[in-house]
Amino acid sequence: MSLTTAHSVVAPSAGSKRIAGAIIIAYALISIVPLLWIFATSFKTPPDSIAYPPKIVFQPSIEGYCNLFTTRTRQTPEYINSLGPATGFCDETVRKRNMVIAGPSNFLPRFVNSLIIAFGSTFCAVFLGTLSAYGFSRFKVPLADDLLFFILSTRFMPPIAVAIPIYLMYRELGLSDTALGMILLYTAVNVSLAVWLLKGFIDEIPREYEEAAMIDGYTRLQAFWRTVLPQATTGIAATAIFCLIFAWNEYAFAALLTSGTAQTAPPFIPTIIGEGGQDWPAVAAGTTIFLVPILVFTILLRKQLLRGITFGAVRK
Amino acid sequence: MLNRTAENVARATPEPLARKVRGISDKGLAWLFISPTILLLLAINIFPLFWAIYLSFTNYRANRPNEVVKNLGFANYQRILGDQDIWIAMQTTAHFVFWTILLQTLIGFTLAWLIDRKFRGHAFWTTLILVPMMLSPAVVGNFWRFLYEPQIGLFSYVISFVSGIPPTSIQMLSNVSLAPWSIIIVDTWMWTPYVMLICLAGLRSIPEYIYEAAEVDRASNWRQFWSITLPMALPFIMLAVLFRGIENFKMFDMVNLLTGGGPGSTTEVASITLKRQAFESWRTGYSSAFAIILFVAVFGLANIYVKALNKVKQR
């Protein structure tokens, strides 16, 4: 071997590493621009947001957030002057545009709907998924492979195709536009992911633990509760976050099956309009608030990400 | 023997839970654990599916629930297969699936291959690249409408700045030939990280000693790439392609928000046609038949997919 090769024969050279690094960093930075733009736009005033050329440097304002949470009506300056002093920053900002705050907007209730439906359906999906995954992992279930395929295949149906009969069924059952209906539906969609992911996690827990516990006098159910569940917590948490992200992001069902009381944030945000079209700073503000939880979850999940997106097929 | 002892000890433990389930055999417990999931899926997925099959043979309209429902036999199916618009929608879908998958696989694999050089800080940049795919396609896709605005949109501005084309003439969403690409761009931006992540797993699964052996045999880098790297990562690439294929076949959110199928029907993919027929024209029976046809197509894809999945798993 020549003395000049200081590195291992197969390791990439320093030069190729540097080029690879530069390309990856460039891609990462470019791909993150739209997200930074959402964040920046949420702090622009409406005139700044539609300026040409697009403004990179601007005076930050929380007008977008004010507009997101309120509805406003246009008033004459005389009327506005007749009102008392402005209460709070939003009031002041709105008055400068010859408007007064008429009341809260629908954003907060829609956001709360998203929280209730996402957490409710995640809880149910993970609960059912854990039981089924344990069943499939530990017992001889007749037609197990067919059942598992059946569970997974429900995930492949186009949402609009599923929505037609669900729409009719919910209308008959009085579940249209209710949080319960959406929780049931998202549970059904997510349970397939939960079963497949959790089966993988539970398969990895050695059976010997439960067998030992059962020899010690535990029943099967106690052994499941005391030995399997504690060891599966990481897997259950990761699965829960995946279900939560799906339910949080879901749009097609929500747009077709909810319209008022149970509407979630994704179909609501595109409908935020101001005077003369879309109120982009308000949309950006809503989008920012909506995306932050997902960013946190992505960072928490990064080690399990691969497993989650492939239904447990690829494990690192 | 062992069971008997365990049973005896179990009987001695004063757990209320233990008493309640003593009688349940393993088989009973298995069904107790599995049946709630199956029941839920039967109620929310299978029952509606059969309902849709029934409706597909009728002229039912959801906005006129009191009208007499007529049985049409296979007429809906015949009409769909002869419907020019449906075929155009299927072509649009195929075009869309083809280009998104091609771009995402090429870029995704290249990125994974570069990340696999393990330069300093690669973990951080990889996580950053992964962010777009976790976000809501609807909410983020909606914001892209703003980026695509002629003149004031950042995307149009950058393109006109780079290319010198006047910014008012870059009408990404309303130009017939650009509108499909506006969706392909957003989809590729969003889902390339997905393909990248799976490819990265593939590249990392290749054992080092194979490259060492190739090095000993003085195989060129080019040769190593074509005869080791690519074939060994192929099952993973396939997996990513199948996943994206199925997902993009169902594609609805982004298209609905970016173009709504327009201008005209240039970006009208199958899901949009289905939505228009079912929830705007209220041709419930007709759209149910189309939904069933899509089911069958996706089911076929899913079957292939699961087989590929098991192949990758066995490695």
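These entries record what I looked up on domains, an annotated region and a chain contact in this structure.

**Conventions.** I worked with a predicted model, in which local features need pLDDT of at least 70, side-chain atom pairs count only at pLDDT 80 or more, and totals for chains, interfaces and linings use all residues. Residues are numbered from 1 along each chain as its sequence is written, and chains are lettered from A and ligands numbered from 1 in the order in which they are written.

**Domains of chain A.** I found domain 1 at 46–105 and domain 2 at 108–309; such bounds come from an automatic or database domain assignment. Over C-alpha atoms, I noted 38 Å between the two domain centres. I then looked up their contact (C-beta atoms, placed from the backbone, within 7 Å). Each domain of chain A gives 10 residues to it. On the side of domain 1, α2 (46–49) and α3 (63–69) of chain A each supply two or more residues, with helices being DSSP runs of H or I, at least four residues, and strands runs of E, at least two, numbered from the N terminus. The largest share, 6 residues, is from α3(A).

**Chains A and B.** I recorded 89 residues from chain A and 90 residues from chain B in their contact. Helix α1 (residues 14–42) of chain A gives the most to the chain A side, with 16 residues.

Key:
Two residues are in contact if their C-beta atoms, placed from the backbone, lie within 7 Å.
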